[in-house]
Amino acid sequence: MAKEHIPSEELLAGKFSEDSSTTKHIAVCILFHLTYFLIPAAILCGPFIVMFFLPEYRMVAALVAVSYWTYVFVDKSYKNLGAPWKYMENHFLIEYILSWLPIRILRTQKLDKDKLYIFACHPHGTLAFNRAAVGFCTKSLWDVAFPGITFRVLTATAPFFVPFIRELWLWSYCIDASKTTAVKAMRQLKASIFVYPGGELEQIETVYQKHIVMLSMRKGFVKLAIEEGAELVPVYAFGETDLYYHSRFLLDLRKYIVKKFHVAIPLLRGQFGLMPYRVPVTMVFGKPIQLIHTSTPTQQDIDSAHAAYCAALRELFDEHKVKLGYKDAVLEIR
């Protein structure tokens, strides 16, 4: 990846950490594994371990487990408007991690806070790490780039049943990626929507340092924009596919699981375990695409808008790839 160059007319939000010390590498590595593995595993398996090895605390452990999982299955925040928590979204530990890569937002045009937008992001990547720029560190990222714009992030259902991950996602503006939930947020909150059209399939099809997006047959977000009177904003996350190496072991089986159960099982290798390689992830937000507004769009309306969107995404990619150090990169739309 060549040295990047950001034109002065474009706004770049996000902090770059100059600290490349061993101490910070170790600290970030520990935080990653705590967040994505150790804490969820402790919540999931902890009560059973206690019941097995400390039988005198069996009832307490059982009560904790039953209480937590009752809460998980009863609480429907993810199917409503989410549960954003300002304290957590701007917590210093999260900023510490995001400044290390860093994760940044490159805005090419100011947006009207009184309009509705559907931000469609590509590529999904193995862990959709770029999503952290939308919902976390809002004071230095989203609020700087798009002040006054309320939003929600559409997320697959599965993470809302993973201990601790579900809480992090709910606290950072995530809601269920169903049309019903998206419409509810857009109408009740007047919230713009952030979505990954490629979904779980694009997630497990990620190839290291390749720019592959599953978009040719993904038109639901376009239809939603037409029906709700929203403008479409193409978003490309440069650097997302540089964070991990991806295994294609049992890929056909994993694709079947995605198709049947809507659950992605990525097999990855980072710099150390789940810790990604230190590569800047820059989310480039393109210019909004104005569409017709009708509650009953025809297939021709949808196809025409989808074609315009694909062309705009490719233009956005080609326009910024050299500036961000990806001179020879080619966008492949499948």
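Biologist: How do you know that helix 1 and helix 4 come together, and at what angle do they cross?

Modeller: The axes of helix 1 (residues 22-53) and helix 4 (residues 92-100) come within 10 Å. They cross at roughly 120°. Here an axis is a line fitted to C-alpha atoms, for helices over the stretch in contact, and angles run from 0 to 180 degrees between N-to-C directions. Helices (H or I, at least four residues) and strands (E, at least two) are DSSP runs, numbered from the N terminus.

Biologist: What are the ground rules?

Modeller: This is a predicted model, with residues numbered from 1 along each chain as its sequence is written, and local features need pLDDT of at least 70. Side-chain atom pairs count only at pLDDT 80 or more, while totals for chains, interfaces and linings use all residues, and side-chain values use heavy atoms, without hydrogens and water.

Biologist: Why are helix 1 and helix 4 called oblique?

Modeller: Under 35 degrees is roughly parallel, over 145 is roughly antiparallel, 65 to 115 is roughly perpendicular, and the rest is oblique. The crossing is at roughly 120°. Helix 1 and helix 4 are therefore oblique.

Biologist: What is the hand of the crossing of helix 1 and helix 4?

Modeller: The crossing is left-handed. That word applies if the near helix is turned anticlockwise from the far one by less than a right angle; clockwise is right-handed.

Biologist: Which residues in helix 1 and helix 4 meet?

Modeller: Helix 1 brings Lys-24, His-25, Ala-27, Val-28, Leu-31 and Phe-32. Helix 4 brings Leu-93, Tyr-96, Ile-97, Ser-99 and Trp-100. The contact residues divide into eight nonpolar, two polar and one charged. Ala, Val, Leu, Ile, Met, Phe, Trp, Tyr, Cys and Pro count as nonpolar, Asp, Glu, Lys and Arg as charged, and the others, Gly among them, as polar. Contact means heavy atoms within 4.5 Å.

Biologist: What makes Cys-121 buried?

Modeller: Buried means under 20% relative accessible area, exposed over 50%, and partly exposed in between (1.4 Å probe, protein chains only). Cys-121 has 0%, so it is buried. Cys-310 has 15%, so it is buried too.

Biologist: Where is Glu-228, and why is Glu-228 called buried?

Modeller: Glu-228 is in helix 9 (residues 220-228). Its relative accessible area is 13%, so it counts as buried. Setting aside residues up to four places away in sequence, it touches Leu-116, Val-183, Met-186, Arg-187 and His-293.

Biologist: What makes helix 9 mostly covered?

Modeller: Seven of its nine residues are buried. They are Phe-221, Val-222, Leu-224, Ala-225, Ile-226, Glu-227 and Glu-228. These pack against strand 3, helix 7, strand 6, strand 8 (231-238) and helix 11 (299-320). Just after helix 9, Gly-229 has a positive phi of about 70°.

Biologist: Which residues of helix 7 are buried?

Modeller: Thr-181, Ala-182, Val-183, Ala-185 and Met-186. The buried residues of helix 7 pack against strand 3, strand 4 (151-155), strand 5 (174-176), strand 6 and helix 9.

Biologist: Which residues does Phe-119 touch?

Modeller: Phe-119 sits in strand 3 (residues 117-122). At 0% relative accessible area, it is buried. Leaving out residues up to four places away in sequence, its contacts are Leu-111, Trp-142, Ser-192, Ile-193, Phe-194, Val-195, Val-233, Val-235 and Phe-285. Phe-194 is 75 residues apart from Phe-119 along the chain, yet their C-alpha atoms are separated by 4.6 Å.

Biologist: Are Lys-190 and Gln-209 buried, partly exposed or exposed?

Modeller: Lys-190 has 59% relative accessible area, so it is exposed. Its loop runs between helix 7 (179-188) and strand 6 (192-195). Gln-209 has 45%, so it counts as partly exposed. Gln-209 is in the loop between helix 8 (199-204) and strand 7 (211-213).
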